[in-house]
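Subject: Handing over the model

Hi,

Here is the structure I promised to pass on to you. Please open it beside this email, and I will go through what turned up.

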Amino acid sequence: QVHLMESGGGLVQPGGSLRLSCAVSRGMFSINAMGWYRQAPGKQRDLVATITSGGNTNYADSVKGRFTISRDNAKNTVYLQMNSLKPEDTAVYYCNAQQVRASVYNYWGQGTQVTVSS
């Protein structure tokens, strides 16, 4: 079992920055990939960014060049640095951990609200 705890959300003006953190309850060596997803009111949950155990990253087109995902294995933490924020980035952001064994296991945090507004 993997437990995830997000932090760092809040209210920010357009053009501003935030850094989200996701604390992982166990060593990340057992996790194949970590990711951030977001869900705006009335919409589905969408991929924002992922990072594999090998450090390979993937981003949604809407955030490329503005957001950066990173991981600190020593701290069991994954980060999402968000710059040049736009009102359309407003959503609840969820951390995800994926383990691939005989089956694929997905774990989710409780989410953190990000609101971009003037």
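Let me begin with a question: what is the torsion about the S-S bond of Cys22 and Cys95, and is the disulfide left-handed or right-handed? The torsion is about -85 degrees, so the disulfide is left-handed. A disulfide here is a pair of cysteine sulfur atoms within 2.5 Å, and in this pair the S to S distance is 2.0 Å. The structure holds one disulfide.

Some housekeeping before the rest. This is a predicted model, in which local features need pLDDT of at least 70 and side-chain atom pairs count only at pLDDT 80 or more, while totals for chains, interfaces and linings use all residues. Residues are numbered from 1 along each chain as its sequence is written, and side-chain values use heavy atoms, with hydrogens and water left out.

**The overall fold**

The protein chain has zero helices and 11 strands; helices (H or I, at least four residues) and strands (E, at least two) are DSSP runs, numbered from the N terminus. The radius of gyration is 14 Å, close to the 13 Å that the globule rule gives for 118 residues, so the chain is as compact as a globular protein of that length. That radius is taken over C-alpha atoms, and the rule is 2.2 Å times the number of residues to the power 0.38. Along the principal axes, the C-alpha atoms fill a box of roughly 45 × 30 × 25 Å.

Of the 118 residues, 41% count as buried. The chain exposes about 6200 Å², and carbon and sulfur atoms supply 47% of that area (Shrake-Rupley method with a 1.4 Å probe; for residues, only the protein chains shown count as cover). Contact means heavy atoms within 4.5 Å. Among contacts between residues at least 6 apart in sequence, 54% join residues at least 24 apart.

**The core**

The largest nonpolar core has 30 residues, and those with the most contacts inside it are Leu4, Met34, Trp36, Leu80, Met82 and Tyr93. Such a core is a set of buried Ala, Val, Leu, Ile, Met, Phe, Trp, Tyr and Cys residues joined through side-chain atoms within 4.5 Å. Strands β3, β4, β5, β7, β8, β9 and β11 each supply at least two of its residues.

**The salt bridges**

Which residues are linked in a network of salt bridges? They are Arg38, Arg66 and Asp89. By salt bridge I mean a side-chain nitrogen of Lys or Arg within 4 Å of a carboxyl oxygen of Asp or Glu.

Arg38 meets Asp89 at 2.9 Å, N to O. Arg38 lies in strand β4 and Asp89 in the loop between β8 and β9, so this pair ties together parts that are 51 residues apart in sequence. Arg66 meets Asp89 at 2.8 Å, N to O. Here Arg66 comes from the loop between β6 and β7, so the pair ties together parts that are 23 residues apart in sequence. Arg38 counts as buried at 14% relative accessibility, Asp89 is buried at 1%, and Arg66 is buried too.

The structure holds three salt bridges, and one of them pairs Lys64 with Asp61 at 3.1 Å, N to O. Lys64 is partly exposed at 48%, and Asp61 is exposed at 64%.

**Two backbone spots to check**

Most residues other than glycine have a negative phi. Asn76, in the loop between β7 and β8, has a positive phi near 50 degrees. Ser84 also has a positive phi, near 50 degrees; Ser84 is in the loop between β8 and β9 and is partly exposed, with a relative accessible area of 42%.

How values were computed. Buried means under 20% relative accessible area, exposed over 50%, partly exposed in between (1.4 Å probe, protein chains only).
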